[in-house]
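Subject: Structure for your review

Dear colleague,

Please find below the structure that I am handing over to you. My findings follow directly after it.

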Amino acid sequence: MGDLLEIIGGVFLVLGSITMLLAAIGMYRMPDFYNRIQVATKASTLGLLQVALGVGLIMPGWAPKLVVLFVFILFTNPISSHLVARAAYFTKVPMSKDTKIDKLKESISKAHLKTVKTKA
Amino acid sequence: MKNNALMFLTLMSVWVLLNASLDPTLLAIGAGVSLLISFAFCSKCDVISGINLSPKAIAYSFMFVFVFIGELIKANISISKRVLAPSLPINPGIVQVKTKLKSKVGRMVLANAITLTPGTFTLDIKGEDLFIHWVDVKSTDVDGATKEIVSTFEKYLEVMYG
Amino acid sequence: MDKKFMVALLVAAMAVILFPLFQSFEGGTQLSELGQYYTQNGVSDTGATNLVASVVVTYRGLDTLGEVTILFLAASIISFFLSVSKDDRIENRTVMSVTEILSTASQTLVPIIVLVGAYILVNGHLTPGGGFQGGAIIASGTLLMFLANPNHKLNHTIIHVIESTSGIAFVAIGVIGVLMMDGGFLSNKLFDLGTPGEVISAGAMPLINIFLGLKVGTELSNVLGIFVESQNEK
Amino acid sequence: MDQYLGQVVMAIGFILAILGLYGLLSQKNMIKMILGFSIFTTGVNIIMVAIGYVKGGTAPILDAEGNAVAKFVDPVPQALVLTSIVIGLGVTAMMLAYVMKLYQDKKSLNINDYKDLKW
C-alpha cells in the first residue's frame, strides 16, 4: 500500500516537472511578454499543484499543510501574474505584431490614475 | 463583528491545518494569535461575509471546483499543443467582456478562474468590464467574447455569491 | 583598453583563483568537531529539535544580538536618509489605481500571511523556521498591504512600541540569564527545558524567537513604510 | 548521486558568485548593480552551505519525537548563512535607499553620471 502511494506520488512529481518544462519552452517560444506570462501562469500553477499532490501522497503526514498550500497557490498565482501583466501594460511593454485587437487601449483614460492625499 | 468572527474562524482553521495537530496548547496559542490578527487587520473587511452558505450554493461550489480543475487541465493541454507546434499558432489580442456579478469576491474568483483557463488572461478589471488577453481571439465584439469566456463560470458564481 | 574586457579579465582571474578551492573540496564524510558537539549535545543542552535554531538562539545568541543590532542600524540609517521633512511634503500624489482584484484578495491574504508568520515563529524551535524567517514573512504581509493600498499609513507609534519592547525584552532575557542562573548571558535554562518536540519546551527559546520575530517583522515593515512615504517628497 | 551533491551545489554557488560579480562590475544601471550584488551574496551563501555538507546527511532537525537521525549535516554553517542573509538584506535595503536619494538628486540611475568623488 505504501509503495503504491509512493509510486503514484512519484508519477505526479514527474508530471508536474513536465508541465513546468513545457512552461519553460513556452517562455522561450512565445513572441511577447503577454503571451509568455499566459503560459507561465497556467503551467506553473498546475505544475505546482501536481508537485504538491505528489508530495502529499509520498508523505501523508504533510497533507494538511499541503491543503493550505493548494488554496494559497490557487489564489496568489493568478493574482500576482495579473498584477505583473497590468503593470507591464501600463508601462507600455510592447505587444507582438500579431496582436489583432486592443480594446483596453480605447478605454484607457484618466480613470486609472488616482490622486491621493499625502498628509499623515 | 460578524466579519471579525468569520475571519477568526478562517484563521483558526488555517492554523489547525498548518499545525496538523489538536494539541490544546497549540490550539490556545492559535486562538490568541487569530483573535489578535482578526481585530488588528480586519476592521472593515467584508470579503468572507459575501459568501452565500445556502445548500444550493455549497453544491454549486463543489461543481465549480470540478469544472475549474477540468478547465485548468484543459488549459495546460491546449497551451502545450500551441507551444510544441512548430508553427506556433497564436492569434493574440485584448478583448472586453462584461460580467453580471455584483459582489467583489465573485468578480475576484471569476478573474482568477479566467486567468487559469485556456488561452485567456485577465489584464485589467474596471467595474463590470474585464479586459482579457486572449491567445486565440475568436470574436472581437463584447457579447461574443463574453459568451465564449465568461459564461462557463458565471452561472456557478452567480449562485455562489448571488 | 575596453572596460568590458577589463571586467571580464578581472572576473576570469577571480574564477581562476577560486577554482582550486572548488577542486580541493571533497565533501566531508564527517562533521567538524564543533558540529559534532552541537549535533550530539544540542538536544540535551537546549531541548530544541531544530539544531540550527539552537545554534542561532542559544549557543551563538550573542551573535544574534549583534545581528539584530545591525538590522536596527540599517533601518535607522534608512529612515534618517529617506525621511521627508514637513516643508518638502507634497499635498497630493497621483498613483495608479489599484485593481479591484488585489484590494479584495488582500483583505483575506494579509491576515493569513501574518498567521503563517506567527506559525513559523511559534514553532521555530521544532521545525525549520525561527525568529528571522517569521519576521520576514510578517513584513511581507505589510508589503502586500502597501501594494493593495499605496496610501496606507502605518501606525508608527505602535510599530515603535512593539519594536523597542521586544528589543528590550530580548536583552532582558539575556541579563536575567546572567543574574539568576549560572548559564551566563542568554541562558536557555531560564525555564524548564521540557520534553523535546512539545511547543512549550526548550526553555527560553520560543520566547526569544517570538521577540526576535516581532522585532525583525516590525523593523522591516518600518523600512517598507519609509520607502513608500519617501515618494511624497517634492 | 549523493556522493557528488556537495560538489554540484558548490559549483552552482561559484557560478552564481562569478555571475553576480560580473553583473556588479559591468552594469551601468545602479539598480542592476544591486541585483548583481544580491546574486553574488546568494552565491557565497550557497558555497557556505555546501562546505557544511556531509555525505548522506540530512537537515539538522530532529523528528517530532526528538530522536536523532543517523547523520546530520553541519548546523554551524547554516546558522552562519542565516546571519549572512539577514545582514545581506539590511545592506541591500540601505543600498536601495542611497540609490533612491541619488535619483531624487540627479534624476539618473547611470553610475557614470556621478563623478563627484572621482579624481
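In chain C, Lys4(C) belongs to helix α1, which covers residues 3-24. Please note that this is a predicted model. The relative accessible area of Lys4(C) is 46%. Because buried means under 20% and exposed means over 50%, Lys4(C) counts as partly exposed.

Lys4(C) is also one of the residues in a surface patch of positive charge. The patch brings together Lys3(C) and Lys4(C) from chain C with Lys28(D), Lys115(D) and Lys118(D) from chain D.

Chain D itself has three helices and zero strands, and its pattern along the sequence is α-α-α. Its radius of gyration is 19 Å, whereas the globule rule gives 14 Å for 119 residues; chain D is therefore more spread out than a compact globule. The C-alpha trace of chain D spans about 60 × 30 × 20 Å along its principal axes. Of the 119 residues in chain D, 39% count as buried.

A further point concerns Ile90(C), which is found in the loop of chain C between α4 (61-82) and β1 (92-96). With a relative accessible area of 21%, Ile90(C) is partly exposed, since the term buried applies under 20%. How far apart are Ile90(C) and Asn232(C) in sequence and in space? They are separated by 142 residues in sequence, but their C-alpha atoms are 5.8 Å apart in space.

Yours sincerely,
A colleague

Notes
Residues numbered from 1 in each chain as written. Chains lettered and ligands numbered in written order. Predicted model: local features only at pLDDT ≥ 70, side-chain atom pairs only at ≥ 80, totals over all residues. Heavy atoms only, no water. Patch = residues over 30% accessible without salt bridge, like charges linked within 9 Å, V, L, I, M, F, W, Y side chains within 5 Å. Areas by Shrake-Rupley, 256 points an atom, 1.4 Å probe, with all protein chains shown as cover. Salt bridge = Lys/Arg side-chain N within 4 Å of Asp/Glu carboxyl O. Lys, Arg positive; Asp, Glu negative; His and termini not counted. Charge placed at Lys NZ, Arg CZ, Asp CG, Glu CD. Helix = DSSP H or I, 4+ residues; strand = E, 2+ residues; numbered from the N terminus. Buried < 20%, exposed > 50% of the residue type's maximum accessible area, 1.4 Å probe, protein only. Rg over C-alpha atoms; globule rule 2.2 N^0.38 Å.
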